[in-house]
Amino acid sequence: MNHFDPQSIIDQLRGVLPQQTQMIALHEPYFGGNEWLYVKECLDTGWVSSVGKFVSRFEQDLAAFTEIPYAVATVNGTAALHIALLLAGVTANDEVLTPSLTFIATTNAIAYCHAIPHFVESEERTLGVSPSALADYLQEIAEVKNGVCYNRLSQRPIKALLVMHTFGHPVDLDALAELCARYHLVLIEDAAEALGSYYKGKHVGSVGRLATLSFNGNKTITTGGGGAILTCDPKLAPQAKHLTTTAKVPHPWLFTHDEVGYNYRLPNINAALGCAQLEQLPKFLAAKRQVALRYQAAFAASHTVKFIAEPSESKSNYWLNALLLAPEIAQYRDELLRLSNEQGIMTRPIWTLQHKLAMYQSCPRMRMPIAESLEARVLNIPSSPILGFTQA
Ligand SMILES: *Cc1c(COP(=O)(O)O)cnc(C)c1O
């Protein structure tokens, strides 16, 4: 490209953002509701830890908001993923299909089960797992014997497909669910980034047998740290509660535990924060959509930069807004990162592909030219809800 000036992109961003001297964060939390009130109640009553009314209220509120029957709160989103995989029947030496283009938590949770991540290709339209590339690949390497899918090359069972809704944009769930049915795979949704995102009119998390959320400080709503397991299955929900609460058999005083459980429950004080945040979620979603629409308009005429919009069948929460650089300016990515961060506009590249990380280099994987290309060209830009409150 002749005469490409990276500064021009930063100027376009600045046109959308507030004029302020302090750094504009990628995503900062907003506490404008009943946070103080509910947290104070925990302190005043002494119910700060592993039991208390806010935990069950938060679980009920999550179920009501998502219209998914059961929610089990956990200490973080990674712990939720770990338990979801165990409940899906993933055991040592199983393979789990998962995108290479994801945050480390998705992959680590598979490793915690002593299972093997098997990395798959993404698509540009959703930034998530590509159903067409995966269909071709499974045809080549998978076979179903006695209701179990095997990797013909490794001879190991392939148990599940763990998808991730990148930056809140839902993957093509129908196509992927169809593939899972054909190959006897359990579908699990890592919806950590997608609270408030809808696929064909339904909140994400109900197509998969299990789904997970995160309420880390940078997510759409936060509990400080926290997560949840979502499921429509009335049998899995109590199992999720049991496993995340040390597998203790209920009894007024006896300490009986009937399997190796986990201390993954969300403390009441964090749940209190969550209840207050969830009350504001519709307002956050509206503000985030405003910010996204402004970015979209700012880059609509650009030949070098595309704003990544929600897939046509979906409504995204626009958790993190993202730009896609045209291939001919991909070489300027690092320069753009340097300039924008120097000038007080926080930007970040998308994650390093998981199969390039030392501990996951030898995992099985398919060819993934699209994921490789996205890795080099996607940039995240400021996306806090407050950006949508303060401007007209
Ligand atoms: C945030 C996130 C998680 C969970 O993170 P925690 O910090 O453990 O709550 C999992 N997967 C993805 C894709 C995430 O973005």
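1. How many residues surround the ligand, and which are the closest? The shell holds 15 residues, the closest being Gly-77, Thr-78, Glu-193, Ser-214 and Lys-219, where a residue counts as near if one of its heavy atoms lies within 4 Å of the molecule.

2. This is a predicted model, in which local features need pLDDT of at least 70 and side-chain atom pairs count only at pLDDT 80 or more, while totals for chains, interfaces and linings use all residues. Residues are numbered from 1 along each chain as its sequence is written, and side-chain values use heavy atoms, with hydrogens and water left out.

3. Among the polar contacts (pairs of N or O atoms within 3.5 Å), an N or O atom in the side chain of Thr-78 is 2.5 Å from an oxygen atom of the ligand, and for Glu-193 the side-chain value is likewise 2.5 Å to a ligand oxygen. A polar side-chain atom of Lys-219 lies 3.3 Å from an oxygen atom of the ligand. On its own the ligand has 380 Å² of accessible area, of which the protein covers 91% (Shrake-Rupley method, 1.4 Å probe).

4. Helix 4 (77-87) and helix 5 (104-112) each supply at least two residues of the shell, and helix 4 gives the most, with three; helices here are DSSP runs of H or I with at least four residues, and strands are runs of E with at least two.

5. Elsewhere, four strands form an open antiparallel sheet in the order 12-14-16-15, pairing being assigned if DSSP finds at least two bridges between two strands. Strand 12 (305-307) and strand 15 (348-349) are the edge strands, whereas four bridges join strand 14 (residues 321-325) to strand 16 (residues 378-381).

Definitions and conventions
A polar contact is a pair of N or O atoms within 3.5 Å; within protein, one must be able to donate a hydrogen and the other to accept it, and residues adjacent in sequence count only if both atoms are side-chain atoms.
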